[in-house]
Amino acid sequence: MKKGMIKVTSGYERFVHWMLAISCLLLCYTGMGMMYDYLNFFGAVMGGLKGLKVVHNFTGVVFGVALLLAIQMWWKEAGVFVFPEDINWIMTAGGYLWHVDKVPETGKYNPGQKMFFLTVAAFGLLMFVTGFFMWFPGYFPLSTEMLRWLYPLHALGFLVIFAFFFVHLYLGTIGNPGTVQAMISGWVTRNWLKKQHPGWLKEMEHEGTLIVSDGEK
Amino acid sequence: MAEKIKLYDDSKCTACRGCQLACKQWNGLKAGQTANTGTYQNPPSLQPNTYMMIHYQDYVDPKGDVKWLFRKEACMHCTNAACVTVCPSGALYYNKEFKTVGLNHDKCIGCKECVAACPFEVPRYDTKTEKVYKCDMCESRITNGLDPACVKACPTGALKWGDKETMLGTAAKRKEYLGAVASTYGDKFVGGTHFMYVLKENPAVYSGLMKDPKVPFSVTVWKNWLKPLSLLAAGGVLAGSFLHYVLHGPKRPDPEPTDEKTEGGK
């Protein structure tokens with residue numbers, strides 16, 4: 001570890017993130033293998049389409065657990081908007097879309113990240129609930145019409161989550177160089193933090209919660 | 001060969017259930033024990049091992065006369081079949097020759113999507129085999145030039161199997177012969193069904209008969225809209241990210257040449 005690096009995520013945070021991420025990607029893979037007939041060959045590695053279905057169902061349970069942990073963990077920090085700084089940030093689109101001299105400072109999570117979190121939370125829950133009823137349709141007194149609408153709702157959730165996944169992937173890697181380390185080692189440079197989360201850096205410095213590497217390990 | 005349909009004429013049906021038994025026999029289906037509920041109708045509804053059945057209904061017509069109505073229920077073999085549209089594995093398919101709806105159990109993964117989608121509520125899921133079952137119009141027979149087993153067994157001519165045009169003509173003639181309240185059922189729905197009825201009463205009178213069966217709107221939203229839109233949205237995001245990267249550029253930390261020194265001097 002280079003000296004002066006700053007710790008931004010705990011091991012638990014990274015664990016929950018990757019549990020959610022890996023289960024989500026596996027669900028996308030198995031789900032797409034079933035949804036698109038020309039992707040049916042995805043089933044080959046799981047012994048056919050039936051294998052996709054079984055893996056999809058049980059991965060859904062892992063995803064549901066990870067999602068609940070993520071919501072419980074991040075709700076306070078990323079689930080609530082703070083005024084007026086979040087509004088000011090949104091007015092500049094965080095400096096992502098046009099040139100902004102000074103992007104308004106926000107707390108640990110900027111409103112873009114909050115929107116992403118809330119979308120994943122809402123649509124993730126939608127996927128979990130609709131998926132559960134699709135798995136066991138006969139065990140609940142659902143009307144035929146209600147049962148029928150579970151499927152397009154599940155597909156809508158996929159549309160949103162799959163598209164958001166690529167936004168997340170881009171912004172977490174090449175769109176914001178240095179960011180990916182937050183979810184790998186958990187340590188980022190002060191320079192990165194100053195650029196991406198200046199408000200949070202000040203907050204931590206003020207409260208004395210900043211963890212800086214002394215370069216020994 | 002041409003498109004074919006199976007025609008059921010309830011005015012000729014005596015509810016002998018020879019068809020129901022022939023269906024079981026040809027398809028090698030066992031029967032379960034059921035309870036007497038005060039009707040000849042048995043079993044009470046379609047089952048994984050009952051692809052077709054005769055419904056019995058007491059009906060009091062507007063004149064006060066009691067009539068005993070029979071109806072053969074089975075897969076309607078839609079031209080625009082919701083089950084085929086939703087089936088993820090290709091287990092449900094159209095027979096190329098006759099346009100009936102076949103079911104390949106080797107491919108069925110038991111997702112039950114067809115059970116929810118079918119506008120006639122026909123497919124039945126078997127929890128033991130984890131697969132779905134329904135009438136396939138005796139595909140093994142019709143593709144070899146034979147009539148479906150139920151048609152073969154029918155002693156009164158209530159069931160017929162033949163070219164679509166011929167059967168539509170026969171149905172129209174029977175309807176005219178049977179008089180004002182008689183009707184045909186199936187030809188007007190879901191692109192025309194390959195199993196249709198001549199009914200001596202108005203279809204609204206028959207219990208359990210769908211009034212206005214159609215491919216559910218939810219299936220259209222799901223398969224025709226959201227399915228392609230999902231890939232479009234993901235593709236749009238990828239293209240957008242690429243354009244963002246080359247036009248706007250990534251958000252890099254500001255270079256601070258003094259950074260090293262400051263930290264080194266701590």
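1. The model is predicted: local features need pLDDT of at least 70, side-chain atom pairs count only at pLDDT 80 or more, and totals for chains, interfaces and linings use all residues. Residues are numbered from 1 along each chain as its sequence is written, with chains lettered from A and ligands numbered from 1 in the order in which they are written.

2. Helix H1 of chain B spans residues 18-27. Helices are DSSP runs (H or I, at least four residues) and strands likewise (E, at least two), numbered from the N terminus. Cys19(B), Gln20(B) and Cys23(B) are buried in H1(B) (20 or more other C-beta atoms within 10 Å of the residue's own, C-beta atoms being placed from the backbone). Down the axis of H1(B), its buried residues fall within an arc of 105°, so they line one face of the helix. The arc is taken over directions from the helix axis to the C-beta atoms.

3. The buried residues of H1(B) pack against strands S2 (53-60), S3 (66-73) and S8 (159-163) and helix H5 (149-153) of chain B. Gly28(B) follows H1(B), with a positive phi near 60°.

4. Between the chains, 34 residues of chain B are in contact with 36 residues of chain A (C-beta atoms, placed from the backbone, within 7 Å). H7(B) gives the largest share of chain B's side, 15 residues.

5. The axes of H5(A) (residues 144-172) and H7(B) come within 9 Å and cross at roughly 0°. The two helices are therefore roughly parallel (angles under 35 degrees).

Note on methods. Buried ≥ 20, exposed ≤ 12 C-beta atoms within 10 Å, placed from the backbone. Contact = placed C-beta atoms within 7 Å. Axes fitted to C-alpha atoms, helices over the stretch in contact; angles between N-to-C directions. Parallel < 35°, antiparallel > 145°, perpendicular 65-115°, else oblique.
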